[in-house]
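User: I have a model open and would like to go through it. Can we take it piece by piece?

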Amino acid sequence: MSTVIELNHVTKSYDRFELKDISLPIKEGYITGLIGPNGAGKTSMIKMIMGLISQDQGDIRVFGQNNHHEQAAIRGRIGYVSDESFYYENVTVKQMKNIIAPFYPGWDNDTYLRFQEQFKLSPGKRIKDLSKGMKIKFSLAVALSHGADLLIMDEPTSGLDPIFRREMLELLSEHIQDEKKSILFSTHNTTDLDRIADYIVFINEGRIIFNEMKESLSERYLLVKGGKELLDRDVRQWFVGLRENGLGFEGLISNRAEGERYFRDTAICETPTLEEIMYYTVKGDEAHA
Amino acid sequence: MHNSIALIRKDFILTRKFALLLIPYFVLMLYSNAQAYTVFSLLPALLLLINACTIDMQHNNQKFLATLPVPRQQLIQAKYMTIIPLSLFSLICTLIMYWIAVTLGKLDDPLRWRELGLITAVIPLLASFYLPLYYWLGQKGMQFVNVVFMMVIMLSFTTFGSLNKEFPALAQWVQNGKIENMLLLVIGVLAYLIIIYASYLISSRIYMHKDI
Amino acid sequence: MNIVISSTSGEPIYAQIVGQVRQMILQGELLSGTPLPSIRLLAKELQISVITTKRAYEELEREGLINSIVGKGSFVSGADQEYIREQRLRMVEGKLKEIIDESRQLGMEYAELAEMLKLLYEEEQE
């Protein structure tokens, strides 16, 4: 299976934060979700892929090309959506579209007009008068109108109401009907990804915790809920993260088979959601630190 | 090339509104000091350039530019190239003003085209000092750069008054078109071009790997 | 054809798809040669991951219920009901063998195992 994005031993240091030796393949033809708490390094990673910031070490390849030498060609094939609007505030939606269109050889104005209609974007409205959700919709309309092979979205759903969130997820499935097209999607709202994501990359404090098929996560992790008497020092070691209160405990185990064997008869065993995996992993990291 | 044109076009779309403010400027100048029409062309071009640069730097607009399918080198190139149409725009505005002034009877001497040409040629030179500072200081330092630069423009207004004393050869050419020292002219033109090119290289160096 | 997915039932989504398609084939609702929606289309319609539907189709293929032809898509296989039943019987046999192995390791007698099977079978029927 070919990869659309490849990071090799990428390192980037800031004053108080560091992305450490990140190596990561993102598969072509699928939706990959990038999850992690705020400040985990999701945006920095995406900015490096887009060539907005340069890595200190390592190399990044997109569509098999080095992202520094071929930056223009690569970005021509990417549709980029960010949670913060980066358009000119004082121009109208239509003027902004007219500024953008000439840069993309594959620009399809009919497609754009279709999305403009579907998203109820008024062409005469100024960008600064659009709500956050509307700005993201505009950005999405632009990204989908130039035949991009790769959509890179940084927290795209953060300003959206649940109804449009669903609509957007449907657009994303529509986009990858062509198996040459891929999506990288960062979010801290994991319910967006619970359904449609094929791969999940989880980062925390600048490190990759895992990069796996979402399908296999449910076979690997187990959420256990039970009474505190079940916990002793050895048993505690099995948990990635554990939350205890007066009435019992709830915790995440990363070896599902073993966990089930031990707790099957004495506790409640469930398949964790992505949010639960994220929560307990971050919690566990903090406890060990 | 196609991208550069699209970028320059973008600057014109963005500064369109601002350009309208220049009409009162010209009217004011026409009534207060029509004789000095040659120096008027300096301000509009530079103001438009500063305006376009400021808009590019505000909000997250740098991010917009840097995510376009255009190499960063080309972003800088286009900014430097924008100076040419802006200078021409300024020149045309000044010529129109001159014509109006003559029609109204406020001016009756022939067009001082050498002086006008020389002052227009100063626009790219001043821009060459502005742009590297702009790329270097970015959003945070931009207010400061703009203020300092406006002062430089004002200063260059007065410098033309003392042109006679500082550069007698140049002043003579402006007066009667006579070139006495060819070597000096060649050196002058070369220095002019080198300054602009050096400015471009410095801007590129600053901006090529900047984190946005 | 109808496929209904529940994300709260606890049963993996791919298994729900396999179960429902299998049911439709065995009941003759889907006839041999009927084209199935493509992997990507099914994922879009159900708003689930492509890998999940892919896995479901692979499973159905392994059971001999569908055939996938590269570039053309997936079709209900030409196998008749008899063949399909046989396939599934063979699957049951395989699983029983695993159970026999496991019980031998525990030192269980045949009678003990048969008794256990009988009890469980009756329990399920209730």
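User: What share of residues 116-137 of chain B is helix, and how far apart are the end C-alpha atoms?
Analyst: Residues 116-137 of chain B are 100% helix and 0% strand, with the end C-alpha atoms 32 Å apart. Helices (H or I, at least four residues) and strands (E, at least two) are DSSP runs, numbered from the N terminus. This is a predicted model, where local features need pLDDT of at least 70, side-chain atom pairs count only at pLDDT 80 or more, and totals for chains, interfaces and linings use all residues. Residues are numbered from 1 along each chain as its sequence is written, chains are lettered from A and ligands numbered from 1 in the order in which they are written, and side-chain values use heavy atoms, leaving out hydrogens and water.

User: Which residues of chain B does the "transmembrane region" annotation cover?
Analyst: The unreviewed UniProt entry gives 12-31, 37-57, 78-101, 116-137, 144-163 and 183-202 of chain B. UniProt positions are in the numbering used here, feature names are shortened, and annotations may be inferred rather than shown by experiment.

User: How long is helix α6 of chain B, first C-alpha to last?
Analyst: α6(B), residues 72-103, reaches 47 Å with its 32 residues, close to the 46 Å expected at 1.5 Å a residue. The expected span is 1.5 Å times one less than the number of residues. Just after α6(B), G105(B) has a positive phi of about 85°.

User: New topic. How much area do chain B and chain A bury between them?
Analyst: About 2600 Å², with 57% of it on carbon and sulfur atoms. Buried area is the accessible area (1.4 Å probe) that two parts lose on being put together, summed over both. K63(B), F64(B) and P69(B) supply 25% of what chain B buries against chain A, more than any other three residues.

User: How many residues does each chain put into the contact?
Analyst: Chain B gives 29 and chain A gives 30, where contact means heavy atoms within 4.5 Å.

User: How many salt bridges are there between chain B and chain A?
Analyst: Two. D211(B) forms a salt bridge with K12(A), their closest N and O atoms being 2.6 Å apart. The rule asks for a side-chain nitrogen of Lys or Arg within 4 Å of a carboxyl oxygen of Asp or Glu.

User: And which elements of chain B give two or more residues to that side?
Analyst: They are α1 (2-20), α4 (42-57) and α5 (61-67) of chain B. The largest share, 10 residues, comes from α1(B).
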